[in-house]
Amino acid sequence: MADHALEFERISVTFRAREGGGQRYTAVADTTLHVRAGEFVSVVGPTGCGKSTLLNIAAGLLEPSSGEVKVFGQPLRGINRRAGYMFQSEALMPWRSAIDNVMVGLQYRGVADAQARREAQAWLERVGLGGFEDRYPHHLSGGMRKRTALAQVLALDPDIILMDEPFSALDIQTRQLMENEVLALWAARKKAVLFITHDLDEAIAMSDRVVVLSAGPGTRPIGEFEIDLPRPRDVAEVRSDPRFVQLHSQIWAVLRDEVLKGYAQQLNKPVLGAVEGAA
Ligand SMILES: Nc1ncnc2c1ncn2[C@@H]1O[C@H](COP(=O)(O)OP(=O)(O)OP(=O)(O)O)[C@@H](O)[C@H]1O
């Protein structure tokens with residue numbers, strides 16, 4: 001449908017070992033999930049269930065073994081050019097200053113250097129890093145590096161933003177500041193966001209909708225919850241709203257068993273050595 005930014009239609013992903021008797025592991029099975037244009041959707045699920053796999057599929061970095069992905073109604077082939085991806089791990093180039101890191105995607109797109117520098121500077125200011133543009137990543141705090149990475153993604157003005165536990169390495173105060181900043185930026189531009197997190201509180205505080213995935217193997221969505229808390233939200237304050245508490249207990253009732261299953265499965269899962277990717 002045209003108002004959908006992202007559609008996963010009956011996606012399955014099976015990984016196979018390059019050696020070792022052709023062992024296979026079905027990470028994601030028969031998953032259908034839609035994100036509307038401008039919607040903020042979080043995906044929560046137990047550790048190792050397939051959250052990053054889904055995001056990699058949305059980014060076009062991984063092809064599903066079966067099923068189809070559509071981006072604004074068009075089948076996705078190759079890299080998703082309408083999406084920006086913010087990884088869990090550090091993705092900044094250590095040999096480039098903050099501004100050079102933010103500029104690089106623009107330059108790659110063919111924007112002239114002077115224009116790219118102006119846009120990168122404006123984005124660094126928007127994420128609270130005015131004055132830090134010449135610092136190298138190792139001279140920035142963890143929160144500042146995340147802000148730089150956020151500016152890097154937003155500078156490209158993607159219609160879809162894919163975020164894989166972007167703030168999990170931050171202390172709780174910095175994390176809440178960043179979450180509020182992301183919400184403010186999102187509210188101003190209303191891009192579609194697919195946000196992966198382990199943290200149910202974070203998912204509820206930020207999202208329009210929370211999707212719960214089952215434990216693997218064969219992960220699939222097993223619950224979907226509309227988050228009808230008013231906006232704008234402060235992620236710290238909204239946690240004491242009675243509706244937040246109610247939603248939390250409803251979602252946790254679905255998630256809790258999967259977390260326990262996921263934990264058990266991680267302990268028992270066969271180790272796949274060298275892996276080729278989706279089969
Ligand atoms: N390239 C690969 N080859 C083989 N198995 C893989 C590959 N990528 C992921 N897997 C397996 O698929 C499952 C899903 O992995 P994925 O990283 O998507 O989970 P996740 O939910 O994002 O994990 P976490 O919560 O720990 O970040 C895991 O069991 C993982 O070991």
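Which domains does the domain assignment of the chain give? Colour two selections: domain 1 (4-82 + 161-278) and domain 2 (88-157). These bounds come from an automatic or database domain assignment. Before going further, note that this is a predicted model, where local features need pLDDT of at least 70, side-chain atom pairs count only at pLDDT 80 or more, and totals for chains, interfaces and linings use all residues. Residues are numbered from 1 along each chain as its sequence is written.

Next stop: where the domains meet. Their centres, taken over C-alpha atoms, are 26 Å apart. Twelve residues from domain 1 and seven residues from domain 2 make the contact (C-beta atoms, placed from the backbone, within 7 Å). Now select strand S7 (160-164) and helix H5 (172-189): each supplies at least two residues of the domain 1 side. H5 gives the most to that side, with four residues. (Helices, H or I, at least four residues, and strands, E, at least two, are DSSP runs numbered from the N terminus.)

Now for the largest nonpolar core, which has 71 residues. Such a core is a set of buried Ala, Val, Leu, Ile, Met, Phe, Trp, Tyr and Cys residues joined through C-beta atoms within 7 Å; buried means 20 or more other C-beta atoms within 10 Å of a residue's own. Show Ala 58, Val 102, Ala 120, Leu 124, Ala 151, Leu 162 and Leu 194, which touch the most other members. Strand S1 (residues 4-17) contributes the largest share, six residues. Domain 1 and domain 2 both give residues to this core, so it lies between them.

Finish by zooming in on Leu 162: leaving out residues up to four places away in sequence, Leu 162 touches Leu 55, Ala 58, Ala 59, Ala 83, Gly 84, Tyr 85 and Leu 194.

Terms used:
Buried ≥ 20, exposed ≤ 12 C-beta atoms within 10 Å, placed from the backbone. Contact = placed C-beta atoms within 7 Å.
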